[in-house]
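Student: I would like to learn how to read a few features of a protein model. Can we go through them one at a time?

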Amino acid sequence: MLLALLVGRRGWQRIKLPTPDLIQCLILGMLGVAASNYFYYVAIQRTSVAIAIVVQYTAPVWVLLYVVARGQQKLSLQKVAAVGVAITGIALTIGIVGAKSASPLRLDTYGFLAAVLASFSFAFYNVGGHRILARHDRWRVLVWTLVSAAVFWLFVNPPWKVFAAHYTPAQWAFLFIFSMISVLGSFSLYFLGLQYLEPTRAVIASCLEPVFSILLAAALLGEGVRPIQTLGIVLVLSAIVIVQLPGRGASSEQEQDSIAVEPIE
């Protein structure tokens, strides 16, 4: 809402969109951004963080299958390898594989289904966001996407429930700063990336999220990084490098893609 007010002060024409694209942004925000977060939280609550993260980050698989099925890209060993290496790297990074003292995994049907739906939603807003960002400035898309996501959360967690928590002024300040950095900042940068990267590359790059979580915890909280986690981090970084490498005969295909997705500012 704050983003809409700030941009709106510079003229509402700046965020005006044609009706079909506006509807697409609203759907993207509700069924993509908001739904992926909602189902991810449900998955954590019903299963475990490890299962929720690994299943959610199968999103590169769905993105790859979608773009291949639509004929937007050709299936290549390079892309399949990058997806597989990225998912394996995440599994090692968060300790779901190779951890000696890991707590037993809680497999819950509803929680697992929620994690799968989170991965579908994540894949959906990568593909849909890339498509609409090729036609419009990212701030226009970001405003309406986040407005739609905010409306979703107003129904899921109404304001009176939030106020009933009786947060202190310091806690409200923390929540405001946290939302500006982790929501507005992160989504604005991610949407910028989606303008210039095809969905497969963007979603594999997003696999760095759990990697940075581990590294920040080590740097700020003094948590140790086990060798198996280091291997996982290396695999995730390798996947990002693999998917960025040009394949055989890919120059003309990449040239065609770059023309098709050049963002309009």
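Student: How many salt bridges does the structure hold?

Tutor: Side chains of opposite charge can pair when their charged atoms come close. This model is predicted, and it holds 2 salt bridges. In one of them, D21 pairs with R135, with the closest N and O atoms 2.8 Å apart. D21 belongs to helix α2 and R135 to the loop between α6 and α7, so the pair ties together parts that are 114 residues apart in sequence.

Student: Is D21 buried or exposed?

Tutor: D21 is buried, at a relative accessible area of 12%. R135 is partly exposed, at 32%.

Student: Which residue does R201 meet in a salt bridge?

Tutor: R201 meets E198, at 3.8 Å from N to O. Both R201 and E198 are buried.

Student: How do the axes of α4 and α5 cross?

Tutor: Two packed helices are described by the angle between their axes and the distance between the axes. Here the axes of α4 (residues 59-69) and α5 (residues 77-93) come within 9 Å and cross at roughly 165°. An angle over 145 degrees counts as roughly antiparallel, and that makes α4 roughly antiparallel to α5. The crossing of α4 and α5 is left-handed.

Student: Which residues of α4 and α5 meet?

Tutor: P60, V61 and L64 of α4 meet K79, V80, V83 and I87 of α5. By class, this contact has 6 nonpolar, no polar and 1 charged residues.

Student: How many residues of α3 are buried?

Tutor: In α3 (residues 49-56), 7 of the 8 residues are buried, among them I51, I53 and Q56. Their cover includes α2, α4, α5, α6 and α11.

Conventions
Residues numbered from 1 in each chain as written. Predicted model: local features only at pLDDT ≥ 70, side-chain atom pairs only at ≥ 80, totals over all residues. Heavy atoms only, no water. Axes fitted to C-alpha atoms, helices over the stretch in contact; angles between N-to-C directions. Helix = DSSP H or I, 4+ residues; strand = E, 2+ residues; numbered from the N terminus. Parallel < 35°, antiparallel > 145°, perpendicular 65-115°, else oblique. Left-handed = near helix turned anticlockwise from the far one by under 90°. Contact = heavy atoms within 4.5 Å. Nonpolar A, V, L, I, M, F, W, Y, C, P; charged D, E, K, R; others polar. Buried < 20%, exposed > 50% of the residue type's maximum accessible area, 1.4 Å probe, protein only. Salt bridge = Lys/Arg side-chain N within 4 Å of Asp/Glu carboxyl O.
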